[in-house]
Each structure stands twice: as structure tokens, then as C-alpha cells.
Amino acid sequence: MQVTENVSQSPAVSGRAPVPDFVSTLSAQAFNRRQALLYGSSLALGSSLSGRAAACTAASALPATPYTTPAPAADQPSSSQQFDLVDEKGHKRRIFVASPSHAAPADGYPVLYTLDGNALFGLFTALALLQAARPDAGPAPAPAIVGIGYPIDAAYDQPARERDYTFSQTKDGVLHADGADRFLDFVQGILQPQLAQHLPLNPQRQALFGHSYGGLLVLYALFTRPGMFHYYTAASPSIWRSAGAIWPCAENFANQPFAAAMQAPYLLLTAGSLEENTPQRSLQRQRRQQQRRMVTQVQKLANQLQHHPAVHSRFVLLHDEDHGGTAIRSAYLALHDMMDINNMAAGTNTDVPMHTKAAQA
């Protein structure tokens, strides 16, 4: 294992080893609709969590007028860092970490890991702050946010995503998932132990979020390593990928004996109502949508898992959202459900999500 630090060291956290400061910026680039949605939310909301708010920096450069007076810098509610980790194959991944400003509880912070960290980390840190600030937030502590990304300035590294999040199968049904397994080995064997050395994290309150290809990887993690996390969110998962190679994994998971002593994980599945049977700008996009049948396939999986004792599942159809738009609303639901379940565990009667039932939003 190799750790590549981007910038200077910060003070140790709770007597632990120092973690690099988070000082990254996003380079100017042309955004498509999905990137504009994600980056707009991340920068407009998430910048307040980075400890380096761009708006505050810009305000200091405004010319003095009779209507302006000096003001102290905002007291940022959390601290963020980033650093790079290299796995045994030499693949480098950029890790973004935001920890809550409040003291860690005795059993540590809950933690949510999001895939596609370059695009989604800022969004999740902003949503975590807003969720914790709600008057009905309850006693459960706000989670730490960990974004797993890549050492690039763009929102997505598509070749790396295909390597890490997807898999294939032969005509004989043999699954080839070396890349996905290596990625999960990296998270389980390198990233999680590394974070545990620096931050007090609760090993019993860990979540994984993924969208699109990332959602597919979340399903693969659940079906092959159900004890690795306790909350799984697969937002618009690409079930269609490689002729539905995830389905044998789902069937194998469903046929495995369930130990009564095991704590069943929670799975949130989402899809957008505009992902199927809606007019598209081109014939090619129309055919692709018809072939992938995103809503139908996610609904089919939700029905298959509905009464399975080894998982508490929930399906939410997000109205008026296409594939790119589901990421933001799914991120909110993932945090909302995670905190509600934690509040329930803490003995607070909050609006606990209805497990094993479909919903619309």
C-alpha cells in the first residue's frame, strides 16, 4: 500500500496520525447536464463544508463601499481532507474525507462512502450538513463522508469506472469480475483500515452509495459481501450492463442460507420515471432506453428482494427525473434513511423508512 499526499499535513485528529488537508479546486471545463447538476450542487452547497469556501474568498476582494463592512470568516461546520491511495496493482484513487464538527460519539462517527467521489463528495457533505441542521434531526450523530474518486479534475474517469465498477460474463455464464473484486478488496483491505487510523469511525454504521455504474457495483458488493456495509444505495443501477451479468449474483444471494444472528443490511433502490418510455432527442437514445429498461429492471430486482430475510429493501421511483438527475435526489434519500435508521437504533421514534415496500417521490 502506498499513500500519496497532495498537500501539507493537518493536526492529528483525536491523538491519531495526521491526515492531509483538503485544498483541491475544480478546473474549468465544459459540463454536460449531469455534470452541471452535480457540480452546481457541490459547489453552491458543498463549498461551505470544505473549510475553503470560494464565496468567502471572493467576498474579501470586493471593493469597499458605504454598504460594506468587514466581517469575520464563517465558522465552518466540518473539516475536509483529500489524499491519494495506490492499490497493489498501482491504480491510484483520490480519497475525499469530511468529518463532522461535533465530537465523535463513544462508538465513533457513522460513515457514508460514495463512489464517483470527484462528482458526488461535495453534494454529500452539503446534504449531511443540511440534514443534521433539521429541527427533527434526532440524536443520531451526523455521518462522516468519504468520497472515493480518481486523481483527475473532471467529474468522472470513465475508463477507471468501467474497470472498477463493472464486470462481464461469458456465453456459458462464467462471471469475470476481477476489476470489481480488486476495487472492493482495496476498499475493505486498504481504505477502511487507513481511515480507521485517523478517524473514530463506527464499524457498525457504514454505508455505500453508487449511481449508474456505481449503483451496479453497490449491488455486486451487497450480493457478494453483504457484511461489508450496513446500508447500501444503488441509484439507477446499470443492471443492463453486460447482458445482465448481475442477475446470477442476485439469484445466488437469494439462495444463500440466512443466519438468524446476522444483522440484515438495508438496501435503497431508486430509478427515475423518465428513464423508460419517454421521448428522446435522437433515435439512438430512444433505442438505448428501450433496450436498457431501467425502471423495469430495478423494479424487478426490488420485487425479487422484497421478502428476502437477508436484506431490508426499499424501492423509490423518482418522478420527473432522468438517469443523470436521479443522483441528487437519491443522495438525499440515502442520507435521510441512514440517519432515520440510526435514530431508530438510538431509541427515537422518527419517520423510519418503510422497508420492503415500494414508494414514489
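This is a predicted model: local features need pLDDT of at least 70, side-chain atom pairs count only at pLDDT 80 or more; totals for chains, interfaces and linings use all residues.
Strand β5 covers residues 144-149, and six of its six residues are buried, so the strand is largely enclosed by the rest of the structure. Burial applies to both of its faces. On one side lie A144, V146 and I148, and on the other I145, G147 and G149, all of them buried.

Two strands that pair with β5 can be described in turn. Strand β3, residues 92-100, pairs with β5 in the antiparallel sense, and five bridges are found between them. In this pairing, I145 of β5 is the bridge partner of A98. Strand β4, residues 109-114, runs parallel to β5 and is joined to it by four bridges. Here V146 of β5 is the bridge partner of Y113. To get from β4 to β5, the chain passes through helix α3, residues 117-132, and this β-α-β crossover is right-handed.

E88 sits in the loop between β2 (78-86) and β3. Is E88 buried or exposed? Its relative accessible area is 77%, and a residue over 50% counts as exposed, so E88 is exposed. Although E88 and F186 are 98 residues apart along the chain, their C-alpha atoms are separated by 8.3 Å.

**Salt bridges**

The structure holds 10 salt bridges.

| Pair | N to O distance | Relative accessible areas |
|---|---|---|
| D164 and R163 | 2.9 Å | D164 1%, R163 28% |
| R225 and D181 | 3.6 Å | R225 16%, D181 25% |
| R329 and E321 | 3.3 Å | R329 27%, E321 14% |

The cut-off for a buried residue is under 20% relative accessible area. D164, at 1%, is therefore buried, while R163, at 28%, counts as partly exposed.

The salt bridge between R225 and D181 has closest N and O atoms 3.6 Å apart. This pair links distant parts of the chain, with R225 in the loop between α6 (213-224) and β9 (231-235) and D181 in helix α5 (residues 178-198), 44 residues apart.

In the pair formed by R329 and E321, the side chains meet at 3.3 Å, N to O. R329 is partly exposed, and E321 is buried. Elsewhere, salt bridges that share partners join D87, R93, R163 and D164 into one network.

Methods:
Residues are numbered from 1 along each chain as its sequence is written. Side-chain values use heavy atoms; hydrogens and water are left out. Buried means under 20% relative accessible area, exposed over 50%, partly exposed in between (1.4 Å probe, protein chains only). Two strands pair if DSSP finds at least two bridges between them. A crossover is right-handed if, with the strands pointing away from the viewer, the path from the first strand over the helix to the second runs clockwise. A salt bridge is a side-chain nitrogen of Lys or Arg within 4 Å of a carboxyl oxygen of Asp or Glu.
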